Amino acid sequence: MKSILQVSNAEKAYGEKLALDGVSFDIPAGHFVALLGLNGAGKTTLFQLLTGLFAADSGSITIDGFDIAREPVAVLARLGVVFQQPTLDLDMSVGANLRFHASLRGIRGADRTQRIAKELDRAGLAAEDKRLCRELSGGNRRKVELARALLGNPSLLLMDEATVGLDPASRQTLISEVRSLCTERNTAVLWSTHLVDEAETADAVIVLHQGRILKYGPPAEIISAAGADTLANAFAALTGKDRTNNG
Amino acid sequence: MARQSTLSPSHALQGLIAISSREVFKLWNQKGRLFSALVRPSLWLLVFAAGFQNVLGISILPPYETYIPYQVYIVPGLIGIVLLFNGMQSSLAMVYDREMGIMRLLLTAPLPRWYLLSCKLMAGAVLSILQAYAFLIVCLLIRIDIPLIGWLTALPAMLLAALMLGAIGLVLSVYVKQLENFAGTMNFVIFPMFFISSALYPIWKLEESGALIVYYLSMLNPFTHAVELIRFAFYGKFNLISFAVVAVTLIVAMAFAIRGYDPQRGAVGKVRKP
């Protein structure tokens, strides 16, 4: 199966502190991969490298065949990102936020209108087009951010702790929606989280700890390799933490 | 998807329009900002200039061909301060956007980083020009004698000055990490630039009064040259030295800003831990 994301031996340090230490993995098209790690494991740093906000000190990152260091524009055109920190302009309407983003991606005219309508419809927010983002609930703001990330039909969708601050029902809805994109659109998804339950239904889980990948494989494989009975226990065994961190 | 790796002209134009429109929209929604942009120079013009017109005599000096009232003299300087404040405020908006996370969204758009920064710069310059013309309308209403043709001939000079001041603000936004620090930086940049320049008084007066250090600092201050470029342009004249200083400062500042925002080499990527 074709790999959409290839990370090879990526390293990143902040001064003396090594935030990512020789990280390597692939994600095939249509796969939902959970990046599971405790706070400070290096998840956000990895996302900064994948989105080109920071450059890796060494190693390579290729998305859909393009190297991010050499062809960042081509890489970014194939990426959809939902950041941990909300990035909607709250003083603009839902539609204006989407139109702004579509324009930055070079989507215009009738195509732009069509894509925005399609994504809002999919998110169940078609009636909210003219509402200010400030007036939306946290869950709906996240849905708008997801709709925005999908406007460019990305090959790879990056979700950076996107459920932070959401209630359990909104969390589950968001996961289901993203999960369905893998099958409907063959989009590869990298879902960053510190919550084990969000990783349980993933096609594969990357366990990241102190900047290193401890395990990468289907949840069942990780559970079995750790000699545990659940993913939560396997994660605790691998990272040496008790289950209070698992959420 | 096609293997697209270069920037198409239509995509580039669309990005520029989107970023500029957002800035104009934000200004329109912040009526107080527009109002204060007009009040500040108007106060200088109506109060300061009225009080000082009999104290500060202006001799005949280029580009003027006759004696002029002090109010006429300080108009280019006050336009300069409109551009200066807005240039710094656009950068403040960048620091705000970075703190709010919106900057991340912008920087992950499939446009080259240098182009995105240029769009931000251009958008800020558009706002500056709109505010400068609003101030010119105030000047017209209170019958300050500025040649009407100057409204047109000064446009390229005002644009270049706005770009230069915006580029300096961009460089500041690279190194200032928090909004609180930026407010202090503005005080250390705006006021020295404004007062140590020819905005309020001809700099020969500094030389004549023996304040030679301030005189030489004024000569080196790019804001002085921005003001002089605009002053000359109002009368259809071209000040080559001022043009050269403003253009070179713009290029150098923009180069530093692009380097600062470059994830491979810039200060933004090196200093901050996410």
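## A pair of facing residues

Val81(A) stands opposite Leu158(A), a residue of strand 7 of chain A. The model is predicted: local features need pLDDT of at least 70, side-chain atom pairs count only at pLDDT 80 or more, and totals for chains, interfaces and linings use all residues. Residues are numbered from 1 along each chain as its sequence is written, chains are lettered from A in the order in which they are written, and side-chain values use heavy atoms, without hydrogens and water.

## The sheet

Strand 6 and strand 7 (residues 156-160) of chain A pair in the parallel sense over 4 bridges. Pairing takes at least two DSSP bridges between two strands. Strands (E, at least two residues) and helices (H or I, at least four) are DSSP runs, numbered from the N terminus.

In chain A, 6 strands form an open sheet with mixed pairing, in the order 6-7-8-3-9-10. Strand 6 (79-82) and strand 10 (212-217) of chain A each have a single partner strand, so one side of each is left without a neighbour in the sheet.

## Where chain A meets chain B

Contact (heavy atoms within 4.5 Å) links 39 residues of chain A with 36 residues of chain B. The area buried between the two chains is about 3400 Å², and carbon and sulfur atoms give 63% of that. Buried area is the accessible area (1.4 Å probe) lost on being put together, summed over both parts.

The side chains of Asp89(A) and Arg22(B) meet in a salt bridge at 3.0 Å, N to O. The rule asks for a side-chain nitrogen of Lys or Arg within 4 Å of a carboxyl oxygen of Asp or Glu.
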